[in-house]
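The structure comes first, then the points grouped by topic.

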Amino acid sequence: MKQHQNATPALPGANKKRNVIIIFSVLALAVAILLIFFLPLLFKQAKDDAIIRIPVNATSENVKDSISRYLGDDYAALVMRMAKINRTDFSNRHGAYLIPAGTSPIRAERKLSKGAQQPLTITINGFRSITSLSDRVARRLDFSADSLLETATGKEILNKYGLTPQQALALFIDDSYEVYWSASPETLVKKIGDNYNKVWNAERLRKASELGLTPAEVMTVCSIVDEESNKLDEKGKIGRLYINRVKKGMPLQADPTIRFALDDFTIRRVKGNHLKVDSPFNTYKNKGLPPGPIRTTSVATIDAVLDSQPSTHLYMCAKEDFSGYHNFASSYSEHQANARRYQKALDNRGIK
């Protein structure tokens with residue numbers, strides 16, 4: 001009979017070695033998976049600076065779309081992967097957030113979920129109507145032009161600053177204002193109103209009173225001055241001329257107010273047919289100041305008018321050398337001579 005031989009039992013050392021290899025293999029695989037999953041979150045970088053805007057009650061899809069638009073789909077997917085891990089709720093993160101170039105997805109998600117908003121700079125400069133101002137500003141912020149227009153012309157708000165709806169432009173002094181993208185129209189108008197109150201301090205109020213004008217009336221004079229000239233060194237002189245005319249009960253006869261009344265600032269040569277426009281801003285038909293400013297104005301112009309030297313000037317005419325400066329006159333005969341020279345210069349250049 002053949003004797004059956006038993007298989008040689010595995011040595012304890014061999015089993016232990018095999019188990020170690022399996023454990024290390026599993027660990028290596030786990031580490032590899034973790035590295036593949038997390039390394040991009042740590043080391044992928046935003047290619048450019050980007051402002052990511054998160055709307056009211058935003059969903060994760062809203063945020064992903066916004067990131068993709070500026071930083072690409074791959075980067076957006078990584079940020080949203082981190083947001084899913086952290087169970088981030090973007091519905092209460094309404095605002096605009098700066099993601100600087102070089103930011104990792106992990107840091108980007110932290111900025112969007114817990115970081116401070118990036119303020120935007122809104123610049124007010126030479127707007128000729130409250131409607132155009134509202135349209136332009138609303139494009140930069142998360143509210144409609146109509147909502148800003150309604151707020152900026154609201155009697156209740158304007159009363160706080162001693163202004164009427166027709167004087168609303170006076171509130172918006174030319175300057176740069178920092179505000180969050182998520183700010184409401186009321187917040188923006190309050191910030192601008194705070195600057196108005198700061199500009200109209202006790203010293204400027206005193207100077208306006210000495211001229212017999214309210215701050216709103218000074219702003220109206222300044223708005224005409226700014227349309228008449230961009231030469232700061234003669235703005236005070238022009239402002240004083242118009243104040244002289246107001247005090248004498250003379251119509252201002254300011255051409256810029258005609259352009260405003262016609263809503264046509266391309267007119268270079270105001271003619272008789274233009275002067276027939278039926279408008280409270282027609283300062284050829286109506287005496288005194290128009291009901292409000294015809295554009296926004298600056299602190300520099302305000303100070304130029306408030307600090308202007310007394311004069312007897314009642315007339316002015318653009319200089320015939322087209323330098324942007326004016327000839328001033330105290331008598332109509334002197335003014336006519338100045339005007340004839342200018343009209344001749346216009347004719348010579350074929351300006352209609």
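Tyrosine 342 counts as buried at 17% relative accessibility (buried is under 20% relative accessible area, exposed over 50%, partly exposed in between, with a 1.4 Å probe and protein chains only). The model is predicted: local features need pLDDT of at least 70, side-chain atom pairs count only at pLDDT 80 or more, and totals for chains, interfaces and linings use all residues. Residues are numbered from 1 along each chain as its sequence is written, and side-chain values use heavy atoms, without hydrogens and water.

**Aromatic pairs**

- The count is 5 aromatic pairs (ring centres of Phe, Tyr and Trp, its six-membered ring, within 6.5 Å; planes under 30 degrees apart are stacked, over 60 edge-to-face, the rest tilted).
- Tyrosine 161 and tyrosine 196 pair edge-to-face, at 6.1 Å centre to centre and 80° between the planes.
- Tyrosine 196 is buried, with a relative accessible area of 4%, and tyrosine 161 is buried at 14%.
- Phenylalanine 322 and tyrosine 342 form a tilted pair, 5.8 Å centre to centre with 50° between the planes.
- Phenylalanine 322 is partly exposed, at 27% relative accessibility.

**Cluster and charge**

- One aromatic cluster consists of Phe260, Phe265 and Phe281.
- Over the ring of phenylalanine 265 sits the charged end of arginine 128, 4.1 Å from the ring centre (NZ of Lys or CZ of Arg within 6 Å of the centre and within 35 degrees of the ring normal).
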